[in-house]
Amino acid sequence: MDALLGTGPRRARGCLGAAGPTSSGRAARTPAAPWARFSAWLECVCVVTFDLELGQALELVYPNDFRLTDKEKSSICYLSFPDSHSGCLGDTQFSFRMRQCGGQRSPWHADDRHYNSRAPVALQREPAHYFGYVYFRQVKDSSVKRGYFQKALGSSPTGRHPGSSVLGFLLSNNSGVQVRRSWGSCPVKLVGRATLGQLQSLVLVSRLPFVRLFQALLSLIAPEYFDKLAPCLEAVCSEIDQWPAPAPGQTLNLPVMGVVVQVRIPSRVDKSESSPPKQFDQENLLPAPVVLASVHELDLFRCFRPVLTHMQTLWELMLLGEPLLVLAPSPDVSSEMVLALTSCLQPLRFCCDFRPYFTIHDSEFKEFTTRTQAPPNVVLGVTNPFFIKTLQHWPHILRVGEPKMSGDLPKQVKLKKPSRLKTLDTKPGLYTAYTAHLHRDKALLKRLLKGVQKKRPSDVQSALLRRHLLELTQSFIIPLEHYMASLMPLQKSITPWKTPPQIQPFSQDDFLRSLEHAGPQLTCILKGDWLGLYRRFFKSPHFDGWYRQRHKEMALKLEALHLEAICEANIETWMKDKSEVEVVDLVLKLREKLVRAQGHQLPVKEATLQRAQLYIETVIGSLPKDLQAVLCPP
């Protein structure tokens, strides 16, 4: 028990235990080391406890050799609990995203490039952020002297934060007296009824955005953990350490706690589908697997029910990378709304920052709330109305109310001017002065409304909405893709013994002129100011991210075509009148291209790689012995 509370000696690797000294680096693990497979899915698992006297404590880590900085520890502590304005009772699941604070990468992250090269851009591993997936529970506990006892299990090491308060819960002593705790220089009134109870959270921290998978995993793990504690957690982590690594395009069977969870990791070559994937390889599995339709897709219709009439405006705000504050009644509503909004642009990469759940205690609070510069390009999910006052200078604020579970379509939030925003008792609405460039799709709204009337399943409604957003984004991006492809040099202009020609520069004026004959009107029925939307898009982070990625891919393709041209040429004829310096230079350049190609950076065939290696050997063999010894040392 001492080890669990952080007062005893550190356990050996592979055991549950408290975190050791803080380090900004990550403990090194070789691919064959313990927990290498576990680390392909999760970074670590932690238990966070809230004590009314001491505040939050990140008290348990698994594996115990994982290290976080003090900032990361503090962020996980605060983000593991709802704040004082969230009436979260019972079991609640939500997620957060936090910035990594330095530290060297461990060897088990070396396969990131291979995974990311095959995964859709929306599912690639985060290079600089962690996702936290939280399972929060409130249970009665008569052993607690006063108020609720809070606990959170998460992916990170331990660290106590004396005196800190968790905002968002109803805390009370056993006599019903109101409890006051200090929050910085501001007193915070935490009011509750005279009820004894226990507040706990289970959190998984990962660099993978598999929200559906990890929520399902939490639903299996959390109830057992709350009942059996550490032994259960150790057994679950050992099972995860036996899982195969996530492989895009493959269906995987993941056993955990007597259940086989079957998932398919999407690949970037997949065609967009609106129906759930079929079940595979079940005849030899006992028990029959639990099939997840998706590892990441949320119920879009449920998330967007109160804002369906403003989907066009919200899609444009996301496309343009505009700052948006989402104020929700609870962390689960906040996190799902933010994740749903950021998924609107698929298959386009969301290049801005986003925080599904954010608190005033976050280390980046000052960075996001400063008035000395323009608001950052971030989608911020919060539950504390304090942000209305602090961020009232932000251009777009979406306030959503409690979700309605009735069969009818809930009352749609109204579009309101920012001047009507009040710091207290702000009603639900989209507060913005932005006017959408495109007209809303009334036919889609009618189909969704008809689906509500006919009690159409929510997943079917979500598929309709997701298909609409996908086609809208594709209609916007296809003209850009076509114009970008026209900037690529012709293949006949690529010769083996000359530097390949450069990609032509992107001209916004030329592109806008091309829209008259090859614009989005060819694939989209929506009318409006498409030119104005493209002009604003050119100034957004998403255009910069899209252009950089496409230019990089085209440059690699150009290099691959050049390598193929060299391999198809007669190298012996070329060497006849060349000096030794020119021949050695060719060897060095061919080797560089070969290394890049073998590292999956150049899109070339295996036969081309073999021919390039043969050419290198042929060229080296034609050189004097002294140069051969230099180029091929023993």
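Biologist: Which residues does Ser540 touch, not counting residues up to four places away in sequence?

Modeller: This is a predicted model, where local features need pLDDT of at least 70, side-chain atom pairs count only at pLDDT 80 or more, and totals for chains, interfaces and linings use all residues. Residues are numbered from 1 along each chain as its sequence is written, and side-chain values use heavy atoms, without hydrogens and water. With contact meaning heavy atoms within 4.5 Å, and leaving out residues up to four places away in sequence, Ser540 touches Leu319 and Leu320.

Biologist: Is Ser540 buried or exposed?

Modeller: Ser540 is found in the loop between α15 and α16 (541–568). Helices (H or I, at least four residues) and strands (E, at least two) are DSSP runs, numbered from the N terminus. Buried means under 20% relative accessible area, exposed over 50%, partly exposed in between (1.4 Å probe, protein chains only). Ser540 has a relative accessible area of 5%, so the residue is buried.

Biologist: How do α13 and α15 stand to each other?

Modeller: Helix α13 (residues 458–486) and helix α15 (residues 530–537) pack with their axes 12 Å apart, at an angle of about 75°. Axes are lines fitted to C-alpha atoms, for helices over the stretch in contact, and angles run from 0 to 180 degrees between N-to-C directions. Under 35 degrees counts as roughly parallel, over 145 as roughly antiparallel, 65 to 115 as roughly perpendicular and the rest as oblique. The two helices, α13 and α15, are therefore roughly perpendicular.

Biologist: Which residues of α15 make the contact with α13?

Modeller: From α13 come Leu472, Ser475, Phe476, Pro479 and Leu480. The partners in α15 are Trp530, Leu533, Tyr534 and Phe537.

Biologist: Which residues of helix α14 are buried?

Modeller: Asp509, Arg513, Glu516 and His517 are exposed on the other side of α14. The buried residues pack against α13 and α15. In helix α14 (residues 508–518), they are Phe511, Leu512 and Leu515.

Biologist: How many bridges join β10 to β11?

Modeller: Two strands pair if DSSP finds at least two bridges between them. Strand β10 (residues 251–256) and strand β11 (residues 259–264) run antiparallel. Val256 stands opposite Val259 in β11. The number of bridges between β10 and β11 is six.

Biologist: What phi does Met257 have?

Modeller: β10 and β11 form a hairpin with two residues between them. Met257 sits in that turn, and its phi is positive, about 55°.

Biologist: Which residues make up the covered face of β10?

Modeller: Thr251, Asn253 and Pro255 form the uncovered face of β10. The covered face holds Leu252, Leu254 and Val256.

Biologist: Which strands stand at the edges of the six-stranded sheet?

Modeller: Six strands form an open sheet with mixed pairing, in the order β14-β15-β13-β16-β18-β17. Each edge strand has a single partner strand, so one side of each is left without a neighbour in the sheet. The edges are β14 (353–355) and β17 (414–416).

Biologist: What is the bridge partner of Leu325 in β16?

Modeller: Strand β13 (residues 324–327) and strand β16 (residues 396–399) pair in the parallel sense over three bridges. In β16, the bridge partner of Leu325 is Ile397.
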